[in-house]
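The report below works through one protein model, from local strand geometry to side-chain packing and charge pairing. Please keep the sequence and the coordinates at hand while reading.

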Amino acid sequence: MAKALPDTGPEKRSISDPPSSATVLRTLADASTPKHVPADMSKHAQLAMMVVKPDRLVGDNLSAYHGRHVEDSARELSIDVDFTGAERPRDKSDMERLIGVILDLGFKGVAAAVDPIALRRHTKNDPPADQLPTLADLRPILDRAVAVLNVSPTDALMGRSPLSFYLQKLNERKVNIIKDLAKFRRAIGCVEYDVELRASGIEIFKGLRYVQKPRAASLFDKLRHRERPSKKTKVASVPVKVKYDPGDLGRIHVWDPVDKVYVTFECDAPEYADRLPKWVHDLILADIAEDELAFCSPETLVEYRARLFERQSDITQAAGEDERRRAARLTDTAIFQRLMGEIVEVLDENEYIVAESVSHDTRYRNVVTISEAEELDVEELARVIRVDVGEIEARRYVALEKGRLSFFGLTVAGAAIEKKARRFSPASLKTSPHIRAIWELKDLPFCPESWELLVDTCLCGVRQGWIRLNGVHRCDDCGRPLARTPARIVPEALQAGLALVAGLASPLPAVRAEALGLLPPALREADRNDLYRCITRLRQCVTGGSVDVDHELEALHSACQALLTWPLGIQALAPAATMARSGWRAAVVTYERMVPSRNRTDEHDRGSLTNPMIKAARPRGTWFGSARSPMIGIRPAYELARLESETLMAGRARGHLGAYEHMRGTRLVPVFDPEEVLGFADAIRSRVSAGTIAYRFGIGRRAVQEIADHGHMSASGLRLDDEVWFTEQDVSDFLRRMSDAGRSLIEHPTRIRKAMLSIHGRPKPWAAVIGAMLDGRLPFSIADREAKLFDTISIAGADVTLLSEMAPAIDIDTFATERLTQREAQEILNIGANCHALDALAREGRNPITFLLADVLRLGRVGISVLEAAALTGRSASHTYHLIRRAGIDAVADGLWDRRQVTNRILGSGI
């Protein structure tokens, strides 16, 4: 029988799920599902249709595979289940040999994927933690290995390939498949027996409670009458059978013995349990003390989950093998990728077809399964569902950093897009039966087209989702037209103000321009993102987290009116009693700074300073006079700010905090204003270091400081010493300038990193290069893909020689004491992370490891790397390495060769 090609849909189950009956049944389902063919094997397009149902299932003798649930499900499909006999290692030798062939095809030569980390460290060949391949990186390699195996001749088929044999059987109509695949997928799951069902629901998995959907008939009331009656006690619970998906604890299915169906119960903490695998839940519970577990609220569980994700996403080079393996396994889960900003989803009215064609994973009820992953083949998807490519591109929100999305150019948080419920306006559906994109924004509870409040529930009481559709204009359950659903109208008095925020968020450029025209002249050139962010912040401050729709509408209208009457309109607003003063202060400061800096005048500054609301909310320092709040000592101050006492004293010395003193006995002690301390703490935490920006851009820390020193990027972060600090706004402004200066087309494009290899023995002139790019003297283009900034920039091949002219000659002796990090030293030497040339130099520190800049420059002048030589000759690195070895060139360090000999024998000879 032909071998099944594993599913490679962009939103599939993690391959690191622990063994269970669910993984066995999911494997059977994947075998009967169309496959994704690797891009370089498009000539074997028939691989996509290799769908089979095995006649016999042979499995390991694991206890997780045993059970009547697996055998019953397989028996319904006429599949025999066979397990390896005890102490019979040859029972499945043929399958183990096949697995070995697949692993050799995929991972032979990928040492970092198979060598233990301890062995790599012992041989001094330990790559950085962020360069180790993860499960997500290895999956395409494994998929391609299986594809190659299916198109390769095999002796078992007398020299034929499995694909040709499968096509022959397909033409003879002798291929068995699972007929009702959707029904079979619903049967996937693990089963627990004798679970207690109470009137309040089911408590299972140590702290999670599951309840029935609202307005559903109570299963407990139906089953408790079947229990044996008692005169002494009242039936408090009934035993039931529960089926659950170990990869998604958001819902469970309870067996109803009366109607012979499964009833779905949902977790009462969906923000925590939705898409959460059970083994991740067990990891979270391991961090919670036993006595604290009984009192854990959903908010506490969410906090512990966030701690776990942050801890595992920050794996250092010193991490052990177990920790790295656990981090890779955790990173491969859908919930980790979703919360940490790697997966974004869009809504589509043809969702059911798309999900079956692309993802094949329908375990997520009421959640769209189109991923924003780069490997999604948009053209193939458009061909399958028979729409234009532009229709799909318009429904894909570009993923930005920190989990944000680009909603038609408007930067919003990932959570601001409604992914579960299908909200709609009945009147708009009556006009045109399609879902408007603006309905997906949670910040807007109304439809600007009909001025109706959006609803998500049909007259039958069923909440509308995105999986089992009868068309977006009909109810998922009863099929009734949703246009008949009653909806409230937004009061006419609020519509004029709400038109501003609706226009700013509109996908249509003409509507956005009309909304900007409503603003005062001083704000018409302000950034649309800043305006929208200011409105939502003010709305949040006024509501204080209230979920009342009427209150939310009034608050949103008041925030819009404040911008329409800038700069004094904020005087009509008042924060909610539950709103923290620091949050209100931040919102008011954002409101004050709406005017772009290039358009600010003294009149604007005077107008904002005379605003009493702004004066009361602005973080004060010593320049605002004496303190007005009760003073606190140094210890309460650093406990309030959650900062070190040295940080507070440094801020006091630099003038960021008031120099207040209090007589205690015979000596003066420093005291602090609590409001100033909170504002100072907010400013400290909002800073971005040069090292962080260096990591985002893919360059060294020293280069970031030079860029700031040359004025190419503002550094407005709060300083406590001579170190340069930035803000997120500084980074956004710089990226915007680079994007505006870039061009769409470049002749003979060359990656800027490869072009920089032509510079040796001196630091890369990043500051001069960026200055030339921004001035237009060095044309460049930026690729539209998710990567570090300077990994996406290309320049024209003819301009590569200009880079050497921007790096002037330097005197090494002037850098006798300056130190630089290991990454910066590798950049100067033009070597990769796995090269050990730096072992020849003296080093200091551990995290980070530093070297003397003078030593690195001397080594770079006498040695040349294979990467640099390959870039100069235009050959591959492997070919260049063999040329150097055959030429008998001396090595000056591990991975560096004598520069003079390479120049004379290879570069000069033109070999």
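## A hairpin and its neighbours

In the hairpin formed by strand 4 and strand 5, three residues lie between the strands, and Phe 205 takes a positive phi near 65°. The model is a predicted one, in which local features need pLDDT of at least 70 and side-chain atom pairs count only at pLDDT 80 or more, while totals for chains, interfaces and linings use all residues. Residues are numbered from 1 along each chain as its sequence is written, and side-chain values use heavy atoms, with hydrogens and water left out.

Strand 4 (residues 202-204) and strand 5 run antiparallel and are joined by three bridges, where two strands are said to pair if DSSP finds at least two bridges between them. Within this pairing, Ile 202 stands opposite Tyr 210 in strand 5. Strand 5 also pairs with strand 8 (residues 261-267), again in the antiparallel sense and over three bridges, and here Gln 212 stands opposite Phe 265 in strand 8. In a regular strand the side chains alternate between the two faces of the sheet. Strand 5 (residues 208-212) has a covered face made of Leu 208, Tyr 210 and Gln 212, and an uncovered face made of Arg 209 and Val 211.

Another sheet is open and has three strands in the order 19-21-20, with antiparallel pairing. Its edge strands, strand 19 (819-821) and strand 20 (843-844), each pair on one side only. Strand 20 is joined to strand 21 (residues 850-852) by two bridges, the two strands running antiparallel, and Glu 844 stands opposite Thr 850 in strand 21.

## Nonpolar cores

A nonpolar core is here a set of buried Ala, Val, Leu, Ile, Met, Phe, Trp, Tyr and Cys residues joined through side-chain atoms within 4.5 Å; buried means under 20% relative accessible area, exposed over 50%, and partly exposed in between, with a 1.4 Å probe and protein chains only. The largest such core has 59 residues, of which Val 412, Phe 446, Ile 535, Leu 538 and Leu 563 touch the most other members. The elements that give two or more residues to this core are strand 10 (404-407), strand 11 (410-413), helix 20 (492-504), helix 22 (528-543), helix 23 (549-564) and helix 24 (581-592). A second, separate core holds 48 residues, including Leu 208, Phe 220, Val 280 and Ile 288.

Leu 538 shows the packing in detail: leaving aside residues up to four places away in sequence, Leu 538 touches Ala 559, Ala 562, Ile 570, Leu 573, Trp 584, Ala 587 and Tyr 591, contact meaning heavy atoms within 4.5 Å.

## Salt bridges

Side chains of opposite charge can pair when their charged atoms come close. The structure holds 27 salt bridges, each defined as a side-chain nitrogen of Lys or Arg within 4 Å of a carboxyl oxygen of Asp or Glu. One of them joins the side chains of Arg 539 and Glu 552 at 3.3 Å, N to O; this pair links distant parts of the chain, with Arg 539 in helix 22 and Glu 552 in helix 23, 13 residues apart. Arg 539 and Glu 552 are both buried.

Glu 723 and Arg 701 form another salt bridge, with their closest N and O atoms 2.3 Å apart. Glu 723 lies in the loop between helix 31 (701-709) and strand 15 (725-727) and Arg 701 lies in helix 31, so the pair ties together parts that are 22 residues apart in sequence. Glu 723 is partly exposed, at a relative accessible area of 24%, and Arg 701 is partly exposed as well, at 31%. Lys 222, Asp 256 and Asp 259 are linked in a network of salt bridges.

## Charges over rings

A charge sits over a ring if NZ of Lys or CZ of Arg is within 6 Å of the ring centre and within 35 degrees of the ring normal. The charged end of Lys 241 sits in this way over the ring of Trp 255, 5.2 Å from its centre, and Lys 243 lies over the face of Tyr 262, at 4.3 Å from the ring centre.

Definitions and conventions. Helices (H or I, at least four residues) and strands (E, at least two) are DSSP runs, numbered from the N terminus.
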